[in-house]
Amino acid sequence: MNHPKAAKEFLKNEDHVKWHDEALWFVRQKRDIAAKSIKEWEELREAAQKIKSHTLSYLSYYLNEFEKNALSNGIKVHWATDAKEHNKIVYNILKKHQIKKVVKSKSMLTEECALNPYLKKRGIEVIDTDLGERIVQLRDEPPSHIVLPAIHLKKEQIGKTFEEKLHTQKGNFDPAYLTNEARKDLREKFLSAKGAITGVNFAIAEVGGIVVCTNEGNADLGTSVAKVHIASMGIEKIIPKTEHLGIFTRLLARSATGQAITTYTTHFNAPEEGKEMHIVIVDNQRSDIINDKEHKKVLACIRCAACINTCPIYRRSGGYSYSYTIAGPVGSLLANTRDLKKYGDLAFASTLCGSCTNICPVKIDIHHQLLAFRKEYVKKGYVSFKKRLAFKIGASVLRNAFLYEIARKTLSLFHPFLKRLNLWGEGREIPKPAKKSFKEIYGKRK
Amino acid sequence: MSSKEKILKKTGEIKTPLELEEFKIEKEKIKDKTDSFLTSLKNAAGEGYIIKKDDINKKLEELFGGNLKTASVYDYQTADINPNKYKKATELEDIDVAIVHGDFAVAENGAVWINEKNNRHRALYSICKHLVIILPKDQIVDTMIEAYKRVNLKELKHAVFISGPSKTADIEQSLVIGAHGAKALTVFLVEGL
């Protein structure tokens, strides 16, 4: 389903849309307060952007360096060119250790690779442990937001799900109560799971270790109880040095939720005694754009979701209106770099207001790139026949003084039908044509 | 060709990078680091106390005396067990209070750097109900920039910045303290440690 159609579904419930819009705006405002409290915020953004750009220019070197150091720390490193290979690697590790149950903390990469269904099919139970992800998992839904996976749900909906799946008290929708029930349920799973899967926020080349940031402590608890830890990372997660973390950790949580830092910023540099740690380095089409000057910048994204929270389209159309794993402005960009034909409609899911670009902590020029993708989309002929025809007619009329004059004079006759013809005019008022043109009025003045 | 070779072939040749500039980011000096840290910690839902070295045991007794099961790898009078003596992390599940040592704290965000080489179980920090971190009062840095300049990450196997108790706002953006990790966190800034 394309974006406008899916958004229409979401927009049916006006009260819910208003609530959704405000919930995200609340997060955006918290971000603003946090960012404004740092005088040197712009310098930090500048530095973060430079570090990412530098790293992407020497990515092979840093990946190689990272692997070398990780290996000498006793971590097992795997490389996967695509999603299928990634899933296979993870499965084989679990199979080797006869692990039937894994706890997983948030990882958009495993979502991108569809790891959960892959493992489930092979008899392995995957339990998402981030509360938001757990909620959507119990409802058999995908996350609708990369940082706030259940932002589309009201507490009553979550309460109903918990009543059914976790047998909580009927009608008790108190967030503290529901959170505590989830804690109790998941505690059991943490203690019994032999495997733990996490994502990676940063991978430090000179150290050969990774950083995982959470608020809930689920990555910490999961990895420290299980005997095998598997961390999945995209090739773009690399940063060269420890000191660069000083810049990124100051930006990440403030941009994401308005917190000064996440509760846990955990460094995994080696396996715990008697245990195993694996890192799977995944490409899955990322390297396709590494030489593309325009679009390689999107690989700098640190997945803070600030652009999502601020986006007027996302706030009013919901995460499920985007057909790609990651919703919102940067998700649309990522989708477009993968398959413009398939995801091209997402380049148009933007007002081009530029708020995403202004807020991005690593200074990705998101809305400029969305515009560039629109051009490419048209050039490659992916636009629908109806739209193409409308623009063609429009262009030839506007280009020709004679045709323009006829069109203007007869516009009032067409006006009632325009609404039906005009794709843009749906839900909008079409202005009535003026009785006299500027040219005519001006002519009379003389 | 291996997958590694395939990926590196696409990401460009392996060449030694040009020196990346050192970022000298101007910032406002924090006047009172202790005060700033305690405020940040409070914002992160943690609580802090400034106490004298000789009063640690007294304070622990005052806060956690009674029926609570306490644990520490250090020699504190109140600690009921030494977690290092247990083989499995799951055996630590019933710990009420874990008392650990931090190296230094960060004024801007209330985080404390914990890297205990003599602690056997990493799970200790997140499996307990209440985490107590003890650190010298004069070990507070301004921001994460200074923090990461101070640590020698290459030498460490595991380390963590913890800022307050575990929390979540995944249900309707309502902040709930106590997700999967500790439900409460207390920092002792100790004078003369």
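How many helices and strands does the secondary structure of chain B come to? Five helices and 11 strands, where helices (H or I, at least four residues) and strands (E, at least two) are DSSP runs numbered from the N terminus.

The views below come from a predicted model, in which local features need pLDDT of at least 70, side-chain atom pairs count only at pLDDT 80 or more, and totals for chains, interfaces and linings use all residues. Residues are numbered from 1 along each chain as its sequence is written, while chains are lettered from A and ligands numbered from 1 in the order in which they are written.

**View 1. Chain B as a whole.** Along the principal axes, the C-alpha atoms of chain B fill a box of roughly 65 × 45 × 40 Å. Of its 193 residues, 45% count as buried (20 or more other C-beta atoms within 10 Å of the residue's own, with C-beta atoms placed from the backbone). Among contacts in chain B with a separation of 6 or more, 71% join residues 24 or more positions apart; a contact here has the two C-beta atoms within 7 Å.

**View 2. The open sheet of chain B.** Follow five parallel strands in the order S1-S11-S6-S3-S2; strands pair if DSSP finds at least two bridges between them. At the edges, strand S1 (47–52) and strand S2 (70–72) of chain B each pair on one side only. Neighbouring strands are turned by 20° against each other on average, direction ignored (axes are lines fitted to C-alpha atoms, and angles run from 0 to 180 degrees between N-to-C directions).

**View 3. Strands S6 and S11 of chain B.** Strand S6 (residues 130–136) runs parallel to strand S11 (residues 184–191), and seven bridges join them. Look for Ile133(B), which stands opposite Val187(B) in S11(B).

**View 4. Helix H2 of chain B.** Within H2 (residues 33–43), Phe37(B), Leu38(B), Ser40(B) and Leu41(B) are buried. They lie on the same side of H2(B) because they cover an arc of only 165° around the axis, the arc being that of the directions from the helix axis to the C-beta atoms. The buried residues of H2(B) pack against S1, strand S4 (104–106), strand S7 (140–141) and S11 of chain B. After H2(B) comes Ala45(B), with a positive phi near 75°.

**View 5. Domains of chain A.** The domain assignment, automatic or from a database, gives domain 1 (38–284), domain 2 (303–379) and domain 3 (385–445) of chain A. The contact between domains 1 and 2 of chain A takes 16 residues from domain 1 and 14 residues from domain 2.

Terms used. A residue is buried if 20 or more other C-beta atoms lie within 10 Å of its own, exposed if 12 or fewer, and partly exposed in between; C-beta atoms are placed from the backbone.
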